[in-house]
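Subject: Structure handover

Hello,

Here is the structure we spoke about. My notes on its salt bridges and one of its helices follow below.

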Amino acid sequence: MKIAIVTGASSGMGKEFAEQIHGTYRSLDEIWMIARNLERLKTTALELQERKVPGERTPILRILPMDLCDEEDMKRLRELLEIQRPCIRLLVNGAGVGAYGPAAHLGLREQLQMVDLNCRALTQITLICLPYLSRGSRVLQLASGSAFLPQPKFAVYGAGKAYVVSFSRALGRELRGRGITVTSVCPGPVDTEFFAHGGIALPWWKRPFLASPKPVVRRALLDAQAGKALSLYGGAMKLVRFFSRFL
């Protein structure tokens, strides 16, 4: 059984990944959609089913309401993989959270939760899934353009995304011999619910660079298929990446 696993699939970039994979990757048997919010997962799955053209083959959508920071839920995922023994063709770590403000002013628990979800959970999901990847499988890790330079008032979030990029690039090198690619997706600001949930007001000078999720995800899937270690959408982010090497 060939599957894709998408975390954070109920909203934002994770939802967009699930939608585009469902509409594009016809050779998959199932897409496992993981998120905490069961009702939103059901709504997303229903929307995708309604778009299906009669007679067209699309992957079955399997809804898995799970908290990636809950060890019991991660145990359930490991057991499900051990029972099903699928071939994971695509793993998309799309779940994430952010909070904006000086580190000394933000709550300790809030910032540790960012580390838990953005770093620890991503690492755990990746390592749990590794035995089920095979030649040609692709891993997409949702990072951020904020990974390239330290981010005052975004200190923990930016540092976490720098971890994602470093971990993913090293892992990609380790898996190269197995024919498995790992791609860090590093967009600038994307028009999702991320800003509202994190209480983040987008500065006026960043608003012209606000991207729609659709082209960002489309670019990411193409870059992963091409075996790229980084996926950068738009000229602005490519410039940021280029100049960050010198700054």
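A salt bridge here is a side-chain nitrogen of Lys or Arg within 4 Å of a carboxyl oxygen of Asp or Glu. This is a predicted model, where local features need pLDDT of at least 70, side-chain atom pairs count only at pLDDT 80 or more, and totals for chains, interfaces and linings use all residues. Residues are numbered from 1 along each chain as its sequence is written, and side-chain values use heavy atoms, with hydrogens and water left out.

The structure holds eleven salt bridges. One of them joins E56 and R26, at 3.2 Å from N to O. E56 sits in the loop between α2 (38-51) and β3 (60-65) and R26 in the loop between α1 and β2 (30-35), so the pair links parts 30 residues apart in sequence. Helices (H or I, at least four residues) and strands (E, at least two) are DSSP runs, numbered from the N terminus.

R57 pairs with D29, the closest N and O atoms being 3.0 Å apart. These residues lie in the loop between α2 and β3 and the loop between α1 and β2, respectively, so parts 28 residues apart in sequence are tied together.

E16 and K214 also form a salt bridge (3.6 Å, N to O). E16 belongs to helix α1 (residues 12-24) and K214 to helix α7 (residues 213-225), so this pair ties parts 198 residues apart in sequence. E16 is buried at 8% relative accessibility, while K214 is partly exposed at 41%; buried means under 20% relative accessible area, exposed over 50%, and partly exposed in between (1.4 Å probe, protein chains only).

Regards
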